[in-house]
Amino acid sequence: MSLESTEPSKARAAEDPGDDYLERRALRRGNAGWVLLTGLGVAYVVSGDYSGWNSGLKEGGFGGLGIAMALMGVMYACMVFSLAELSSVLPTAGGGYGFARRALGPWGGFLTGTAILIEYILAPAAISIFIGDYVESLELFGLESGWPVYLACFVIFIGIHLWGVGEALRFSFVVTGIAVAALLVFAVGAFMDFDASRLNDIAVDHDAFGANSWLPLGLLGIWAAFPFGMWFFLGVEGVPLAAEETKDPARTLPRAIRWSLCILVALALLTFFASAGARGSAALQDTGNPLVEALQPDGEATALSRVINYAGLAGLVASFFSLIYAGSRQLFALSRAGYLPRFLSLTSSRKAPYLGLLVPGAIGFALAAATGDGARMLNVAVFGATISYALMSLSHIVLRRREPHLPRPYRTPGGILTSSAALVLACAALVATFLVDVTAAFIALGVYVVALAYFGLYSRKHLVARAPEEEFAALAAAEAELERH
C-alpha cells in the first residue's frame, strides 16, 4: 500500500507555480533512440569491468564471488525487467522516483529519489579519483593524481553535457564502444593463457563454515561478495532517467534496458573468467588494475597490457560521463516537482539542466579533493543503490496489485514474482554492505536523515502540482476517490 495512501487532500495540497514554470524546465525531446540508450546503459557500468569487482575475491574467493555475481545478475535482471514495465507506464525524467511516487506516495518517492541521488553523486566522485590514478600510472603529460585532475574531469565533461544531450550521448557512445572493444580484445588475449587450476588458488580458511577450495572464505563469503558482484551491473537502472529525451519512450526504453543488460552479462562473464584463469584469483584480489595484471604474469608490460591500460581509462571516462548525466536528470526531476529547491531544475537555452549538472559536480569534486578515498565513496554509492532497488521493486509489486488495469505497453515477464525476487535480493545486498564497510553504510544513513528532515519539515508542503510525476499520482488519487463514490 501507499506510504501516504491516495488521499485527495494530499494531491490538492500541491502548489501551482504558474503557466511558465514547466516552460523554463523543459528538456530537449526526441534526441535518443534505443541504440544510444543501450550505449548509455552500458556506459554507466563498463568501468566496473576494469576494476573494483576483484576485491570480491578477497571476500569470497572465486566461487564465492562467482555465486554473488550470478545472484546479483539475477537481481538486476528481475529489477530491470520491472523497470522496463514501469518506464513504459510513466516515461518521465524522474525514473525510479516517479514510479515510487505513484506506488508509495510522496514519502516513498522522496526516499527512492534520494537513494538514487546518493548513488549518482558519489559514484562520479569516486571515479574521478580512479581516473586520476590511471592518469598518474600511465604518466600522461607528467600529471599526478590530485585535485587538478579531478577538477579537469568535472569541468570538461560537464561542459560537454551543457553543450547538449544529443552531443553528450554520442560522445558517451563512442567512448563506451572503445572500452567494450578493448574488453573483447582482452578476453581473447587472456583466454590464450587460461588455466582452470588458477581460479581457486586462494588459501582456504578452514575455520570458516562451508569452506573449500572454491569457497575459501566459506558460505558467508558469498554474502560478503554481494556488493562486488554488483559492480558488473551497477548503474544500468539509470536508463529510464533519459525518458523525456527519448524517441517513443514507451517502446524505446524497455528495448534499451533489455539489450544493455544482455551486453553487460556477456562482458561480466568474459572478464571474470578470463582474468582469474589467466593470472589466478590470488594475484588479482588486491590489485587496483586486475585486467592489466592478468596480462602481465611476470610483471612485465606487454603491448596488449598497455592497450588495456589505456582502454581502462576510456571505461572510467564513459562511466563518469554517463553517471553525471543520470545524476543531473534525477536531481532535475526531484527539483521540478518541489522535493528539492526548485531553482535546481531550471534549464538553459540548449535545454540542459545546468544547475542540475553544476551543483552535483561541485559536490562531487569537493568530496574527491577532500578525501581522495574512492573506495569508501563507491561503498556509500552502493548502499544508496540497494535502497533504491528495493523501493523500485516494491513499487512494481504495489502497482501490479493496486492498479492491475493500468495501461502497460510492456509487461514484465513473470510479473510480481520477478519483482519480488529483485526485492529479496536487493534487501540481502543492502545488509551485505554492512559486512564490507560499516562506516560507508552509516555515512549514507546520515545523509538520508538530513534529507528526510528537509522533506518532512519543508518540501513536502511545497510540491508542484504540474510536475509530470505529481500529475500522474494525482490522477491515481482522483480515480481512487471516484471508485469509493
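**View 1. Lining of the largest pocket by residue class.** The residues lining the largest pocket of this predicted model divide into 21 nonpolar, two polar and two charged. Nonpolar covers Ala, Val, Leu, Ile, Met, Phe, Trp, Tyr, Cys and Pro, charged covers Asp, Glu, Lys and Arg, and the others, Gly among them, are polar. A pocket is an open set of points on a 1 Å grid over the protein atoms alone where a 1.4 Å probe fits, with protein on both sides within 12 Å along at least five of seven lines; lining residues have an atom within 4 Å of a point. The space in the largest pocket comes to about 640 Å³, a volume being the space filled by probe spheres set on points joined across faces, edges and corners. It is lined by 25 residues, and closest to its centre are Leu-117, Ile-118, Ile-121, Ile-363 and Val-447. Two or more lining residues come from each of helix H5 (96-137), helix H13 (303-336), helix H14 (354-371), helix H15 (374-402) and helix H17 (438-457). H5 gives the most, six residues. Helices are DSSP runs (H or I, at least four residues), numbered from the N terminus.

**View 2. The second largest pocket.** This pocket has a volume of about 370 Å³. Among its 20 lining residues, Gly-52, Ser-55, Phe-130, Thr-287 and Gly-288 are the closest to the centre. Helix H4 (55-89), H5 and H15 are the elements that give two or more residues to the lining, with the largest share, four residues, from H5. The lining holds seven nonpolar, 10 polar and three charged residues.

View 3. Asn-54 sits in the loop between helix H3 (47-50) and H4. The residue is buried (under 20% relative accessible area, 1.4 Å probe, protein chains only), at a relative accessible area of 1%. A polar atom of the Asn-54 side chain lies 2.7 Å from the backbone oxygen of Leu-284, and the side chain also reaches the backbone oxygen of Thr-287 at 2.7 Å. Beyond neighbours within four places in sequence, Asn-54 is in contact (heavy atoms within 4.5 Å) with Leu-284, Gln-285, Thr-287 and Pro-290.

**Notes.** Residues are numbered from 1 along each chain as its sequence is written, and side-chain values use heavy atoms, without hydrogens and water. In this predicted model, local features need pLDDT of at least 70 and side-chain atom pairs count only at pLDDT 80 or more, whereas totals for chains, interfaces and linings use all residues.

Note on methods. Buried < 20%, exposed > 50% of the residue type's maximum accessible area, 1.4 Å probe, protein only. Polar contact = N/O pair within 3.5 Å; in protein donor to acceptor, adjacent residues only side chain to side chain.
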